[in-house]
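Please open the model in your viewer and keep a selection panel at hand.

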Protein chains: 2
Amino acid sequence: MLSKNQIKLITRLKQKKYRLELGFFVVEGIKTIKELLQSNLELHMLFTTQSFNFDAKNEVIITDTELKKISFLKTPNTALAVFKIPDVKPIDTTQLIVALDDVRDPGNLGTIIRLCDWFGITDLVCSNQTVDCFNPKVIQATMGSITRVNINYVDLESFLKQVELPKYGAFMEGNNVYKTTLPNKGVLILGNEANGVSNSIENLVTNKISIPRFGVLQATESLNVATATAILLSEFRRG
Amino acid sequence: MLSKNQIKLITRLKQKKYRLELGFFVVEGIKTIKELLQSNLELHMLFTTQSFNFDAKNEVIITDTELKKISFLKTPNTALAVFKIPDVKPIDTTQLIVALDDVRDPGNLGTIIRLCDWFGITDLVCSNQTVDCFNPKVIQATMGSITRVNINYVDLESFLKQVELPKYGAFMEGNNVYKTTLPNKGVLILGNEANGVSNSIENLVTNKISIPRFGVLQATESLNVATATAILLSEFRRG
């Protein structure tokens, strides 16, 4: 059984402002929920249409109709959970950090979080205009990686001004990354999908890098920000 | 004005079977349509809610309500075009080829096509179970790259048996790609999102490669197939 208050809470959590205010976020789908249950995230509520032996207290069995009421998906999954948003830790500036300057697409942010996890990046720093990492579409795309990457939303300009690390930025006209010696600590900055790195951030970049296009034929004008992140992180980590 | 026949044709093109039968596909959005108009693709029909000076004959101005009728999108764009599916060219086996073994997600295929374009891969070979490259969501994700990559759907097992090239496959337990000397011709094989490369294809792989995870901590169990393609193509092309 779902109470009115539960429905109200979950519906509100669609909006970033309520997520921030209430400190909870929603996850749908058994696979991702299971991943998050294995982490140190705190479960607040769990609704399923059939018991999945989640070994979780708070599991409430509901009907398909009830799930439809609270699901954010057009074709609801069989489970929906509400977790507490974890406390963020201070940024560790002794390692390689990834910084995002206004990445807007939830799928891209989710993929980047998963890449950070794969490549051992513990700190992801996002400009305040970057899409919220607790957006349900981001959570879906992270495949559980959200629990292993510490994500801070900051005034990116102030952060970069303070931090004493080399600042690598992805630019179309940057130096060939394959011919660049990359450090094992620094900040790797990726820009917005349409506009790239903004001017105010560009001024703070110490090293502009670029992934060269292969061949001379006319090709796609740019790489997607998530695939560019994949290739650049691979370059930083390949040794 | 839209005719009944035009509506019927466009609606049918949602389905792969009609795309194959009729030889047309649908593109929505001004940016992608403009890209395709600059290619050697043949335009069949173009509907817009306002003239965009596309410099295209066949431009028909329609109302928002009419566009809504034919659009595949929940929030229709301002333009929809129907293009002729181009003839496929024979596969050039003197170069690096990318082969997909049942990639199902349209976004992933679109991203991979864009990556092929960037990295100068002229031939993409897809198993017959791979998502259709003229699926509207694929077209959207390719950002025009679809016109510069020759895509063949084949019985992948037969193709790989015939072709006399080294066959590199992405496997979790493959050799560290960063320590592998990669050729400038061969086939790079990527598998299905959930199951990876299938057994029958695995038997034909001559070199299993893998992108190593960084660090020893528990991390995401795998990379997304499109980001893995990005990193592997980068390794093949970085020289």
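Select the interface of domain 1 of chain A and domain 2 of chain A: in this predicted model, 3 residue pairs are in polar contact across it, both residues at pLDDT 80 or more. On the side of domain 1 of chain A that touches domain 2 of chain A, colour helix H2 (16-22), strand S1 (24-28) and helix H3 (30-37), the elements that each give two or more residues to that side. By class, this side of domain 1 of chain A holds 6 nonpolar, 2 polar and 5 charged residues.

Next, display the salt bridges, of which the rule finds 2 across the interface of domain 1 of chain A and domain 2 of chain A. Then select Arg19(A) and Asp132(A), whose side chains form a salt bridge with an N to O distance of 2.8 Å.

Now widen the view to the two domains of chain A, assigned as domain 1 (4-84) and domain 2 (96-237). Their contact draws 13 residues from domain 1 of chain A and 12 residues from domain 2 of chain A. Between the C-alpha centres of these two domains lie 30 Å. Together they bury about 1,100 Å², with 58% of that area on carbon and sulfur atoms.

Terms used. Residues are numbered from 1 along each chain as its sequence is written. Chains are lettered from A and ligands numbered from 1 in the order in which they are written. This is a predicted model: local features need pLDDT of at least 70, side-chain atom pairs count only at pLDDT 80 or more; totals for chains, interfaces and linings use all residues. Side-chain values use heavy atoms; hydrogens and water are left out. Domain bounds come from an automatic or database domain assignment. Contact means heavy atoms within 4.5 Å. Buried area is the accessible area (1.4 Å probe) that two parts lose on being put together, summed over both. A salt bridge is a side-chain nitrogen of Lys or Arg within 4 Å of a carboxyl oxygen of Asp or Glu. A polar contact is a pair of N or O atoms within 3.5 Å; within protein, one must be able to donate a hydrogen and the other to accept it, and residues adjacent in sequence count only if both atoms are side-chain atoms. Helices (H or I, at least four residues) and strands (E, at least two) are DSSP runs, numbered from the N terminus. Ala, Val, Leu, Ile, Met, Phe, Trp, Tyr, Cys and Pro count as nonpolar, Asp, Glu, Lys and Arg as charged, and the others, Gly among them, as polar.
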